[in-house]
Amino acid sequence: MPTLLIRNARCVATFDTHQTELRDASVFVRDKLIEAVGPAAELPQTADDVVDARNHLVIPGLVNTHHHMVQSLTRAVPQVQNAELFSWLRGLYPIWAGLTPEMVFVSHQIAMAELLLSGCSTSSDHLYIYPNGVRLDDSIAAARATGLRFVATRGSMSVGQSLGGLPPDRVVEREDFILKDTQRLIECYHDASFGSMLNVAVAPCSPFSVSQDLMRESAALARTFKVRLHTHLAENDHDLAYTREKFNCTPTEYAQDLGWLGDDVWHAHCVKLDDAGISLFAATRTGVAHCPCSNMRLASGIAPIRKMLDAGVPVALGVDGSASNDGAQMVNEARQALLLARVGRALQAPEKHADGRSFFGCDLGPAEMTARDALILATRGGAQVLGRSDIGHLAPGMCADLALFDLNTLAFAGGAVHDPVGALLLCASPQAAYTIVNGRVVVRQGQLTTVELGPLIERHNALAVQLVASAKA
């Protein structure tokens, strides 16, 4: 059985239940699993592959719980740069209608490479548009090529503009076909075993693009096959207004009525989740994928993450689509979650301290979120939301998913000497020096080992130009 030794790390932050952080430590891996974590002097000194981790921070591989990887083809498209969610979607639907299977395969490799280079080892993706022969199989093939642990969600849209939905009729699918294809994908690809590299989830897109019948039938299908459920919910004020007007309820009531609450469900965004919704999410252990960069980019608002966490809602991070972020850097996403939480708290402070106690450096109490809080969302939180007990922290018996960051770089100068874990988010967001997935080194010394990036980027850029040009023709 192959062995791997991460030797003499300056700091290993395990993110286990005790938040153990070890100095001068090593991690020993045998056959895809962590065998030991501890002081370097007490662990083996040799292995089939030895990574010299001196001056490195070692953390669990980061977990991304919401993405639209195909959107890397439409980053920074001028006509939607200043749009909010609905107008942004209306501007991009006609472009995405030109997607081809090659575009999906190439764009997903680009997005996955970007994630891996940021220290992400596991990611979900929400592909919900299937024109011109595109299939979810194309994104699954990309995950296998890059070496990323993958949750492929079979998204869908079935209610076009003629029926009161947001997307054009030409990009929606028949509901009977959606359900049939979803079952095919589960039966063909879903692996529920410990250490699985591929899960499939069921993911109708949103209240404004699918019917209530499809939501109910999708939930029933998922629970028949014991797979997870995912969708968008309560993303912005327009989303909230649509749900109230069309269904005469709040987003949480909509989800509850359709069977979309439970510990097998996670919703993206939830920016406009109210107190009653938070309580119901907590009681049912329904998960949330928090997407701070996208929520800022599309002016959706600030999700009440501290309230959710305090209530007991499972919360994770998602980079969201590459055309609403417009990147897939998980360290930066965690940093933005930290910063946005603190800004949100500051905006509330004047109301809480109207008696004048906010003058002259009054202590407003504990921080809304710390760097370690944000990293918990990006590791343990992601594992919980995806229903995985085998990833998200470092301990014997866990999958060998790790990210290493070189603390002797310019970005960490003057920071890592004080607190290497905090510096990961408080200093400039770095790329990973090493990313290890399932015991395999897929990023080594800052270079991807699984695919050749130069030709891939060149082809991706050509396809991006072709896609946007075809929509103008």
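Guide: Asp326 sits in the loop between strand E13 (315-317) and H11. Please keep in mind that this is a predicted model.

Visitor: What makes the peptide bond that joins Asn325 and Asp326 stand out?
Guide: This bond is cis, with omega at about -5°. In general, most peptide bonds are trans.

Visitor: Let's turn to helices. How is a pair of packed helices described?
Guide: By the angle between their axes and the distance between the axes. For helix H2 (residues 101-117) and helix H14 (residues 453-472), the axes come within 10 Å and cross at roughly 130°.

Visitor: Why is H2 called oblique to H14?
Guide: Set the angle against the cut-offs: roughly perpendicular covers 65 to 115 degrees, and roughly antiparallel begins over 145. The crossing angle is roughly 130°, so H2 counts as oblique to H14. The crossing is also left-handed.

Visitor: Which residues make that contact?
Guide: From H2 they include Met103, Val106, Ile110 and Leu117, and from H14 they include Leu456, Ile457, Leu463 and Leu467. Glu102 of H2 and Arg459 of H14 take part too. By class, the contact has 10 nonpolar, 4 polar and 2 charged residues.

Visitor: Now the open spaces. What is known about the largest pocket?
Guide: Its volume is about 360 Å³. The lining of the largest pocket has 21 residues, and those nearest its centre are Ala303, Pro304, Gly344, Gln348 and Glu368. At least two lining residues come from each of helix H8 (275-284), helix H10 (305-311) and helix H11 (330-352).

Visitor: Which of the helices gives the most to that lining?
Guide: H11 does, with 8 residues. By class, the lining of the largest pocket divides into 11 nonpolar, 3 polar and 7 charged residues.

Visitor: How does the second largest pocket look?
Guide: The second largest pocket has a volume of about 290 Å³. It is lined by 16 residues, with Val315, Ile376, Arg380, Gly381 and Gln384 closest to its centre. H10 and helix H12 (371-385) each give two or more residues to this lining, and the largest share, 7 residues, is from H12.

Visitor: What makes a space a cavity rather than a pocket?
Guide: A cavity is a set of points where a 1.4 Å probe fits but cannot get out, whereas a pocket is an open set. The structure holds 2 cavities of 30 Å³ or more.

Visitor: What lines the largest cavity?
Guide: There are 17 lining residues, of which His68, Leu85, Trp88, His232 and Glu235 are nearest the centre of the largest cavity. The volume of this cavity is about 110 Å³. Helix H1 (residues 85-96) supplies the largest share of the lining, 3 residues. The classes here are 7 nonpolar, 8 polar and 2 charged residues.

Visitor: How do you know that the lining of the second largest cavity has no charged residues?
Guide: Check the list: His68, Val70, Gln71, Trp96, His126, Leu127, Tyr128 and Ile129. Asp, Glu, Lys and Arg count as charged, so the lining divides into 5 nonpolar, 3 polar and no charged residues. The second largest cavity holds about 50 Å³ of space.

Note on methods
Residues are numbered from 1 along each chain as its sequence is written. This is a predicted model: local features need pLDDT of at least 70, side-chain atom pairs count only at pLDDT 80 or more; totals for chains, interfaces and linings use all residues. Side-chain values use heavy atoms; hydrogens and water are left out. Axes are lines fitted to C-alpha atoms, for helices over the stretch in contact, and angles run from 0 to 180 degrees between N-to-C directions. Helices (H or I, at least four residues) and strands (E, at least two) are DSSP runs, numbered from the N terminus. Angles under 35 degrees count as roughly parallel, over 145 as roughly antiparallel, 65 to 115 as roughly perpendicular and the rest as oblique. A crossing is left-handed if the near helix is turned anticlockwise from the far one by less than a right angle, and right-handed if clockwise. Contact means heavy atoms within 4.5 Å. On a 1 Å grid over the protein atoms alone, a cavity is a set of points where a 1.4 Å probe fits but cannot get out, and a pocket is an open set with protein on both sides within 12 Å along at least five of seven lines; lining residues have an atom within 4 Å of a point. Grid points are joined across faces, edges and corners, and a volume is the space filled by probe spheres set on the points.
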